[in-house]
Amino acid sequence: MKRFNRCIVLILLVFACILGGCGSTRDDVNTTILNTGYDVVDSTGTKLHFTKKPERIVSLTISTDEILLELVSEDRIAALTYLVDDPGISNAVEKSKTVLARLDGNSAEAILALKPDLVIVADFFKVEMIETLRELGIPVYVYKTQKNIQDVKNSIVELANVVGEPQNALPLLTMMDAKLAQIEMTVNEILESERKRVIYIQTNGATFRPESTSHDICKFAGVKEAALELNYQKNITLSKEEIVRLNPDAFVLSAWDYDGKHETQERCKEIQEDPAYQSIKAIKNHAIVALPGAHMQSLSHYIVYAIEDMAKAMYPEKFKLKE
């Protein structure tokens, strides 16, 4: 019997060793990366090999600016985009100040001058520039543009792996899930009949895309995106006639004046006074809501704050009861 018990203990110890990596720690993982290097494959199928963690990373999109600043120390980032300094679209204005260089992604020479060992771009980036950078011997990682909340989570994990810090994705994912759960507790109490129908108006009008993070923002906020009722299968700008027919409860705008010619209050005033819209519930109730562009247009972990902004704007009385 004693021998049997000792065998059981040994088996359990071996099993625990396998599950726990035989006492492996984060330092062990980092040591493995440093000793053997690691490989990643980007959205274009291109394989990149790193003999060590990249130390001069260039980010060419605002979403990767925001994510990288959470995944690695600032001294490992050689440059961020110029947009990171614009509070209208950036959630990392303060955090980015210790990174000095800024890029717009239009000059291969400017990028090369920084001697990067990794450049991160989205799949909408100019193919010619990607090819040029690769011909210059610069490792370029192309990620797939995020279309929903799950895509954002996937990209955080993906980028954490690319920079050799897979463990650093967890705090961001945990924060996102906690925020989503907090919002869900409130919006789940809202009856289907009470859920607001909204139309999202951008600077070029009310646009609809079959794949867009706006769908998830609305869904998780307990809001109905009215344009989905049209069942379009392609990108389209809605006509004023269609908007009137949809008769939304509210118009939602992203409050980002990207060129100094789209001041938010002026945009709201134009919509409110548009003769074509005067029969719409949103206009009658003065329900034109401008939400922070840095949240609404985010493709990083900050997107969960867009969901919170939307939910609080549509159901202020519900959230006041929780505060």
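**Group meeting: charges, helices and turns in a predicted model**

D259 is partly exposed, with a relative accessible area of 33%, where partly exposed is the range between buried, under 20% relative accessible area, and exposed, over 50%, taken with a 1.4 Å probe and protein chains only. Before I go on, please keep in mind that this is a predicted model, in which local features need pLDDT of at least 70 and side-chain atom pairs count only at pLDDT 80 or more, while totals for chains, interfaces and linings use all residues. Residues are numbered from 1 along each chain as its sequence is written, and side-chain values use heavy atoms, with hydrogens and water left out.

Let me stay with D259, which sits in the loop between β12 (250-255) and α10 (264-273); the helices (H or I, at least four residues) and strands (E, at least two) that I name are DSSP runs, numbered from the N terminus. On the surface there is a patch of negative charge, and D259 belongs to it together with D257, E263, E266, E270 and E273. Such a patch is made of residues with over 30% relative accessible area and no salt bridge, like charges being joined within 9 Å, and Asp and Glu count as negative while Lys and Arg count as positive, with His and the chain ends not counted. The place of a charge is taken as NZ of Lys, CZ of Arg, CG of Asp or CD of Glu, and the accessible areas come from the Shrake-Rupley method with a 1.4 Å probe.

Now to the salt bridges, each being a side-chain nitrogen of Lys or Arg within 4 Å of a carboxyl oxygen of Asp or Glu. By this rule the count comes to 16 salt bridges. One of them joins D177 and K153, whose closest N and O atoms are 2.5 Å apart. D177 lies in helix α7 (residues 169-187) and K153 in helix α6 (residues 149-162), so the pair ties together parts that are 24 residues apart in sequence. Is K153 buried or exposed? K153 is buried, at a relative accessible area of 16%, whereas D177 counts as partly exposed at 40%.

Another pair is D216 and K219, which meet in a salt bridge at 3.5 Å, N to O. Both lie in helix α8 (residues 213-220), three residues apart, which is about one turn of the helix. As a general point, an α-helix has 3.6 residues a turn, so residues three or four places apart point the same way. Here D216 counts as buried at 12% relative accessibility, and K219 counts as exposed at 54%.

I would also mention E94, which forms a salt bridge with K97, the closest N and O atoms being 3.1 Å apart, and E94 itself is exposed, with a relative accessible area of 58%. Beyond these pairs, K53, R76 and E165 are linked in a network of salt bridges.

Helix α8 also holds C218, which is buried at 4% relative accessibility. Helix α13 (residues 303-314) has twelve residues and reaches 17 Å from its first C-alpha to its last, close to the 16 Å expected at 1.5 Å a residue, the expected span being 1.5 Å times one less than the number of residues. The helix is mostly covered, since nine of its twelve residues are buried.

Finally, some loop positions. Most residues other than glycine have a negative phi. N247, however, has a positive phi near 50°; N247 lies in the loop between α9 (240-246) and β12 and is partly exposed at 23%. H286 likewise has a positive phi near 50°; H286 is found in the loop between α11 (281-284) and β13 (288-292) and counts as exposed at 60%. D42, in the loop between β1 (38-41) and β2 (47-50), is buried at 6%, and its C-alpha is separated by 10.0 Å from that of L159, which is 117 residues apart along the chain.

Methods. Patches are made of residues with over 30% relative accessible area and no salt bridge: like charges are joined within 9 Å, nonpolar side chains (Val, Leu, Ile, Met, Phe, Trp, Tyr) within 5 Å.
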